[in-house]
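Have the structure open as you read.

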Amino acid sequence: MTTALVTGGAGFIGSNLIEELVKITDKVMVVDDLSMGLKSNLPVSDKIIFYEKSITDYSFMKRLLLDERPDYVYLLAAVASVADSIDRPLETHEINQNANLFILDTIRVNKLPVKKILFSSSAAVYGDDPTLPKVETTMVRPLTPYAIDKFATERFVIDYGNLYGLNTVCVRFFNVYGPRQNPKSPYSGVLSLISNAIINDKQFTLFGDGSQTRDFVFVGDVVQALLLLMKTPSASHDVYNVATGTASSLADIIQVFEKLTHKKIALKLQPPRSGDIKDSLADISKLSKLGYQPQFDVEHGVAVYLESLK
Ligand code: UD1
């Protein structure tokens, strides 16, 4: 019997992961406080055990880990918005770093037989250094509480491997999009905001001239990467970019949406958002060497995303 624990499993990326995990795992435990996620994001399956709990509920987390002794642990729960982390640095630190460290240390101290632990970090750790593409060895420049905690927790996760022999791996997500990404928050990823605008015939606020570029990665490809890293023994005590290796400008993306929906997006033009980086692009050769091949270009991914919103 194989079991997995997914923190943040009711969120956007977590719920997409669980859709695949239930096919290959006998039991999937989900811990989510529903601060961002929705219970309805989870697929219907009697393999899923859902706990509406925060990962900062330490006595609960300890009991769960000791009682259930999961084989695989996916650490996806987080204050996921950079802007939110700037408003709430202490709470962000408690959730994004301390709670994850507590899980690692509970596994270490109790010598739990966890096969592998995966921590989700972010391209935000690279900060505003303009060198492209970003390689995992590129200097990091974390500029916000979100990025600082993501980077520091990466280091804890990797060094719990080096120091205590835990089998761990980290990922740096670039701009992930796809079904169940919540467009409600003003801090949502830009593709969910464009989808929301075009479907509801609302204006989309474009910051800048649309020439800024991002490495937009479809959530299905992200799930492929997570499962691959979990099952690849050589991917251990290390960090991997998860992206496509292709940059798209916002102007390109807007065209893709307009072509797919046969609608014109009403644009409200604003100056570039302060603190934004102009361009972002990942080097994915490290992950590709393990067999990762993104399956979705933006046109395909956006089409699937739009279909999911119908
Ligand atoms: C992401 C984070 C951001 C963080 C940055 C650090 C999210 C949603 N955003 O930003 O908080 O500072 O990583 O690496 O987590 N845009 C518009 N109109 C909108 C929203 C966005 O034109 O309504 C533009 C932005 O100005 C940006 C691009 O779209 O140029 C992408 O924005 P976003 O989806 O927020 O991603 P990042 O800029 O990568």
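Let's start inside α6, where Leu191, Ser192, Ile194, Ser195, Ala197 and Ile198 are buried (20 or more other C-beta atoms, placed from the backbone, within 10 Å of a residue's own; 12 or fewer would be exposed, anything in between partly exposed). The elements covering these buried residues include β7 (175-177), β8, β10, α8 and α10 (298-308). Helices (H or I, at least four residues) and strands (E, at least two) are DSSP runs, numbered from the N terminus. After α6 comes aspartate 201, with a positive phi near 50°.

Two housekeeping points. This is a predicted model, in which local features need pLDDT of at least 70 and side-chain atom pairs count only at pLDDT 80 or more, while totals for chains, interfaces and linings use all residues. Residues are numbered from 1 along each chain as its sequence is written.

Axes are lines fitted to C-alpha atoms, for helices over the stretch in contact, and angles run from 0 to 180 degrees between N-to-C directions.

| Helix pair | Angle | Axis separation |
|---|---|---|
| α6 and α8 (residues 250-261) | about 35° | 11 Å |
| α1 and α7 | about 65° | 9 Å |

On the α6 side the contact uses Val190, Leu191, Ile194 and Ile198, and α8 brings Leu250, Ile253, Ile254, Phe257 and Thr261. Contact here means C-beta atoms, placed from the backbone, within 7 Å. Sorted by class, these residues are 8 nonpolar, 1 polar and no charged. Ala, Val, Leu, Ile, Met, Phe, Trp, Tyr, Cys and Pro count as nonpolar, Asp, Glu, Lys and Arg as charged, and the others, Gly among them, as polar.

The crossing of α1 and α7 is right-handed too. Here Ile13, Asn16, Leu17 and Glu20 of α1 meet Val219, Val222, Val223, Leu226 and Leu227 of α7. That contact splits into 7 nonpolar, 1 polar and 1 charged.

Zooming out, the chain is assigned domain 1 (3-175 + 217-242) and domain 2 (177-215 + 245-282 + 296-308), with bounds from an automatic or database domain assignment. Their C-alpha centres lie 26 Å apart. Across the boundary, 21 residues of domain 1 are in contact with 18 residues of domain 2. On the domain 1 side, α1 (12-24), α3, β10 (216-218) and α7 (219-231) each supply at least two residues, and that side has 10 nonpolar, 7 polar and 4 charged residues.

What about the ligand? It is surrounded by 20 residues, the closest being Val82, Ala124, Val190, Phe207 and Gln212; a residue is near if its C-beta atom, placed from the backbone, lies within 6 Å. Elements giving two or more residues to this shell are α3 (82-87), α6 (190-199) and β8 (203-207), with β8 giving the most, at 3 residues.

Last stop: phenylalanine 296, in the loop between α9 (285-288) and α10. Phenylalanine 296 counts as buried because 22 other C-beta atoms lie within 10 Å. Leaving out residues up to four places away in sequence, phenylalanine 296 touches Phe218, Gly220, Asp221 and Gly301.

Conventions:
Contact = placed C-beta atoms within 7 Å. Left-handed = near helix turned anticlockwise from the far one by under 90°.
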